[in-house]
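Q: Could we go through this structure together, one topic at a time?

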Amino acid sequence: MATLQSLDIRRRSASTEAPPQVRQSALQVAKLIDVSKCIGCKACQAACLEWNDLRAPIGYTDGTYDNPTDLTPTSWTVMRFAEYENGDDLEWLIRKDGCMHCDDPGCLKACPAPGAIVQYTNGIVDFVSENCIGCGYCVKGCPFNIPRISNVDRKAYKCTLCVDRVSVGQAPACAKACPTQAIYFGSKDDMIAHAEHRIVDLKSRGYKNAGLYDPPGVGGTHVMYVLHHADQPSLYEGLPDDPRISPMVGFWKGVMKPISLAAIAFAGVFGFLHYITKGPNEVSESDERKADDMMKGKGA
Amino acid sequence: MSEGTNVVARYTTAARINHWITAVSLILLALSGMALFHPSLFFLTNLFGGGQATRAIHPWIGVVLALSFAGLFFRFFTLNFWRREDTVWMKNLGKVINNKEEGLPELGKYNAGQKLVFWGQSILILLLFGSGIVLWDVYFEQYTTVDQKRLAAVVHALCAIGAILIWIVHVYAAIWVKGTLRAMTRGSVTRGWSWKHHRKWFRQEVEKP
């Protein structure tokens, strides 16, 4: 989308240039999703389609409430419904899935196209579609299985955290639409403070493991959850317990890059040095004569 | 082999065409692959019409390379089996590098270094083809898990670097050992070259009726 100024870019994919640092006042924003208040109405899904002007093709139902059944290039958020048998209780855990806007984004780390993924100083991670080449590396980098590549235009899509709304002081469309105020939006500090109140309330109602999901393995996220069972995030339809960028991606996009280029350069330099010190391996006149002798010997 | 000519036939026209298709596709693959591997080489995508085009065309060149290299493999693999003299040659690699080949065992059509290039590229191209299929999302996205794709990305990049390093050795050897390149450009080498570098092969050629 790239609706914020270039002054507001903190990181840019596949770029070696230093980002601008003159602006110091960046406020960290966050969306807080209070899973305990969600009624699964999907108003957020509708608002997301509406604001972002996306029209998903008519899908199918797989017999659950999950509809669509997964994130798609045109469905940037979906409600995931999980049934959890907690002793005698059946708990219906409903999680609004979508991009978590990691502070250390694996998608951005993996992306090979300069400027196709940016992270703004406020923490929002955004795909700049015009620069996307459709390689799918962001999919491999993401610890949350979020980006989706379109079969129509081979570009990657995901939640923008409504960066176009946020940049003019508005809350994301999903937060605006939520009828139970299960989705809050504001500064990350305020959201953490608000989550503390909610957690105290949940604990007083018997959810002794209630807590905030702001996973440190990815540097924290700019979309956070209040969970009744924060000790078991995976209860919520596969929310990772301890998300982090895969070590394979870390190696591939980390030490391997400079070491590989150095090895190739070394091989070239070694060849050049060998040639100027040892010289070429040439066939001498006497070699030719001996070859001829061998030929004649055969004839004799 | 007749005494009238002073050259020895080394590669047929078909083998030469096969080799150069492989060579061109390997170079194009290295350029487009490196463009997507390191940000400071992304500019190489301009050679292929931009980032999207590079992403789209790279796997197709890979298919060309795989087929073409398979042709080379079946042409030459029987000549590349490891023999006792190859071990002796490798133990004397220092002499070879110092251009002092006297006293080394007589060699057939290929020396140990050439055989290692052959087998190295055979294994790496097989791995590159396999991991490349896993990474070719346009057609094969649905068949593997994301962790398998991550592993494929690492394997693909490592093997590509290995193949590029072997390619550098291969090209440098042709520059260093004079008289070699004409084998692949004209199909023949001089008698002296054959006698010096591949005497056992030369002897066999001489003894051909």
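Q: What is the handedness of the crossing of α1(B) and α2(B)?
A: The crossing of α1(B) and α2(B) is left-handed. A crossing has that hand if the near helix is turned anticlockwise from the far one by less than a right angle, and is right-handed if clockwise. Helices (H or I, at least four residues) and strands (E, at least two) are DSSP runs, numbered from the N terminus.

Q: Before we go on, what kind of model is this?
A: This is a predicted model, in which local features need pLDDT of at least 70, side-chain atom pairs count only at pLDDT 80 or more, and totals for chains, interfaces and linings use all residues. Residues are numbered from 1 along each chain as its sequence is written, while chains are lettered from A and ligands numbered from 1 in the order in which they are written.

Q: What pLDDT does chain B average?
A: The average for chain B is 95, and 98% of its residues score at least 70. The pLDDT is the predictor's confidence in each residue, from 0 to 100. For the complex, the predictor gives an ipTM of 0.92 and a pTM of 0.93.

Q: Back to the helix pair: at what angle do α1(B) and α2(B) pack?
A: The angle between α1(B) and α2(B), the latter being residues 51–76, is about 145°, and their axes are 8 Å apart. Axes are lines fitted to C-alpha atoms, for helices over the stretch in contact, and angles run from 0 to 180 degrees between N-to-C directions. The residues of this contact comprise 13 nonpolar, 11 polar and 2 charged. Here Ala, Val, Leu, Ile, Met, Phe, Trp, Tyr, Cys and Pro count as nonpolar, Asp, Glu, Lys and Arg as charged, and the others, Gly among them, as polar.

Q: And how do α2(B) and α5(B) cross?
A: Their axes come within 10 Å and cross at roughly 145°. The crossing of α2(B) and α5(B) is left-handed. Among the residues that make the contact are L65(B), F69(B) and F73(B) of α2(B), with F118(B), I125(B) and F129(B) of α5(B). By class, the contact of α2(B) with α5(B) has 9 nonpolar, 3 polar and no charged residues. Two residues are in contact if their C-beta atoms, placed from the backbone, lie within 7 Å.

Q: How many residues does α5(B) have?
A: Helix α5(B) has 24 residues and reaches 34 Å from its first C-alpha to its last, close to the 34 Å expected at 1.5 Å a residue. The expected span of a helix is 1.5 Å times one less than its number of residues. Its buried residues include L124(B), I125(B), L128(B) and V134(B). A residue is buried if 20 or more other C-beta atoms lie within 10 Å of its own, exposed if 12 or fewer, and partly exposed in between, with C-beta atoms placed from the backbone. The cover over the buried residues of α5(B) includes α2, α3, α6 and α7 of chain B.

Q: What do the buried residues of α7(B) pack against?
A: They pack against α3, α7 and α8 of chain A together with α1 and α5 of chain B. Helix α7(B) covers residues 146–176, and its buried residues include A153(B), H156(B), I164(B) and W167(B).

Q: How many residues of chain A are in contact with chain B?
A: There are 44 residues of chain A in contact with 41 residues of chain B. On the chain A side, α8(A) gives the most, with 11 residues. That side has 23 nonpolar, 12 polar and 9 charged residues.

Q: How many helices and strands are in chain B?
A: Chain B has 10 helices and 2 strands. Buried residues make up 33% of its 209 residues.

Q: New topic: where is the cis peptide bond?
A: A cis peptide bond joins N67(A) and P68(A), with omega about -5°. P68(A) is in the loop between α1 (43–52) and β3 (77–86) of chain A. Most residues other than glycine have a negative phi, and most peptide bonds are trans.

Q: What is the phi of L161(A)?
A: L161(A) has a positive phi of about 55°, although it is not a glycine. N145(A), also not a glycine, has a positive phi of about 55°.

Q: Is L161(A) buried or exposed?
A: L161(A) is buried, because 29 other C-beta atoms lie within 10 Å. N145(A) counts as partly exposed because it has 14 C-beta neighbours inside 10 Å.
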